Amino acid sequence: MDPDDWPLAHLRLRYDGVELRPVADDDLGELARLLPDDFEHDPRAALLPWLDLAGNRRRLLLQNVWRARGTWSSDSWVLHLVVLRDGRRVGVQTLEADDFPGVATVDTASWLVREVRGRGVGVAMRSAVLGLAFDHLGAVAAVTSAREDNHASLGVSRRVGYTDNGVSLNASGSGRAVLQHLRMTAEQWRASGRGTGVEVSGLEPCRPWFGAATR
């Protein structure tokens with residue numbers, strides 16, 4: 001792939017033994033196989049009746065990656081990154097923004113295979129994308145949400161430095177769910193000191209694609 005046509009493919013993030021790079025088509029088969037059974041798909045997504053739930057969830061994973069590429073703009077974008085630990089795929093970290101030039105706020109989502117949970121990988125991958133957003137793209141705030149019973153995700157967010165930012169109700173496959181919202185400012189991120197360990201490469205040609213100023 002010509003770097004001038006899609007420079008995002010060459011973006012790399014590293015932090016605390018974890019590497020992140022944009023999901024490529026060659027990753028999709030393995031990621032679909034690794035998708036944990038507790039990953040909750042978007043409840044608004046239509047399920048194809050000839051596929052079982054697991055098949056629909058794998059299909060939605062593929063479509064989400066393709067949709068993100070096909071609808072990318074410098075105002076609104078969704079960056080899906082494969083998470084590598086010791087060279088092995090272990091999950092996906094997503095960073096997204098809507099009207100980034102206007103509001104300079106990012107959102108995150110992620111999943112990890114069960115066998116690496118509780119080992120600091122979740123904190124490392126979130127720190128990596130926050131370092132990209134705050135220290136390189138000029139974000140002023142980051143938000144995230146998780147079900148109130150998703151203690152692992154909420155624990156990662158609070159450990160990184162987010163603070164609670166209200167709750168809301170959301171439809172889910174098992175009925176209404178309470179979502180806990182969290183927020184972090186650029187000042188809170190810099191006070192955490194985590195950004196000093198985040199390594200970013202291949203960013204310069206990508207800046208205009210993120211709606212970020214060219215240095």
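This is a predicted model: local features need pLDDT of at least 70, side-chain atom pairs count only at pLDDT 80 or more; totals for chains, interfaces and linings use all residues.
Residues are numbered from 1 along each chain as its sequence is written, and side-chain values use heavy atoms, with hydrogens and water left out.

Let's begin with the core. By nonpolar core I mean a set of buried Ala, Val, Leu, Ile, Met, Phe, Trp, Tyr and Cys residues joined through side-chain atoms within 4.5 Å. Buried means under 20% relative accessible area, exposed means over 50%, and partly exposed is in between, using a 1.4 Å probe and protein chains only. As general background, nonpolar side chains in soluble globular proteins tend to be buried together.

Which residues touch the most other members of the largest nonpolar core? They are L20, W77, V106 and F210, out of 58 residues in that core. Helix α4, residues 121-136, gives the largest share, with 10 residues. Helices (H or I, at least four residues) and strands (E, at least two) are DSSP runs, numbered from the N terminus.

Take L20 as an example. Contact here means heavy atoms within 4.5 Å. Setting aside neighbours within four places in sequence, L20 is in contact with L11, R12, L13, L81, V82, V83, Q93, M125, A128 and V129.

Not counting residues up to four places away in sequence, A133 touches L95, V106, G138 and A139.

Is S127 buried or exposed? It is buried, with a relative accessible area of 0%. Beyond residues up to four places away in sequence, S127 touches Y15, V160, W189, R194 and V198.

That brings us to helix packing. Axes are lines fitted to C-alpha atoms, for helices over the stretch in contact, and angles run from 0 to 180 degrees between N-to-C directions. Angles under 35 degrees count as roughly parallel, over 145 as roughly antiparallel, 65 to 115 as roughly perpendicular, and the rest as oblique.

The axes of α4 and helix α5 (residues 151-160) come within 10 Å and cross at roughly 55°, and the two helices are therefore oblique to each other. On the α4 side we have G122, V123, R126, S127 and L130, which meet S153, V156, S157, R159 and V160 in α5. By class, the residues of this contact divide into 4 nonpolar, 4 polar and 2 charged. For these classes, Ala, Val, Leu, Ile, Met, Phe, Trp, Tyr, Cys and Pro count as nonpolar, Asp, Glu, Lys and Arg as charged, and the others, Gly among them, as polar.

Next, some backbone geometry. D16 has a positive phi, near 50°, in a residue other than glycine. D16 lies in the loop between β1 (12-15) and β2 (18-22) and is exposed, with a relative accessible area of 62%. A104 is not a glycine either, yet has a positive phi of about 50°. A104 sits in the loop between α3 (100-103) and β5 (105-112), and is buried at 13% relative accessible area.

Last stop: two partly exposed residues. V143 is in strand β6 (residues 141-147) and counts as partly exposed at 25% relative accessibility. Apart from neighbours within four places in sequence, V143 is in contact with T105, V106, D107, T108, Y162, L182 and R183. Q188, in helix α6 (residues 186-192), is partly exposed with a relative accessible area of 29%. Leaving out neighbours within four places in sequence, Q188 is in contact with G161, T163 and R183.
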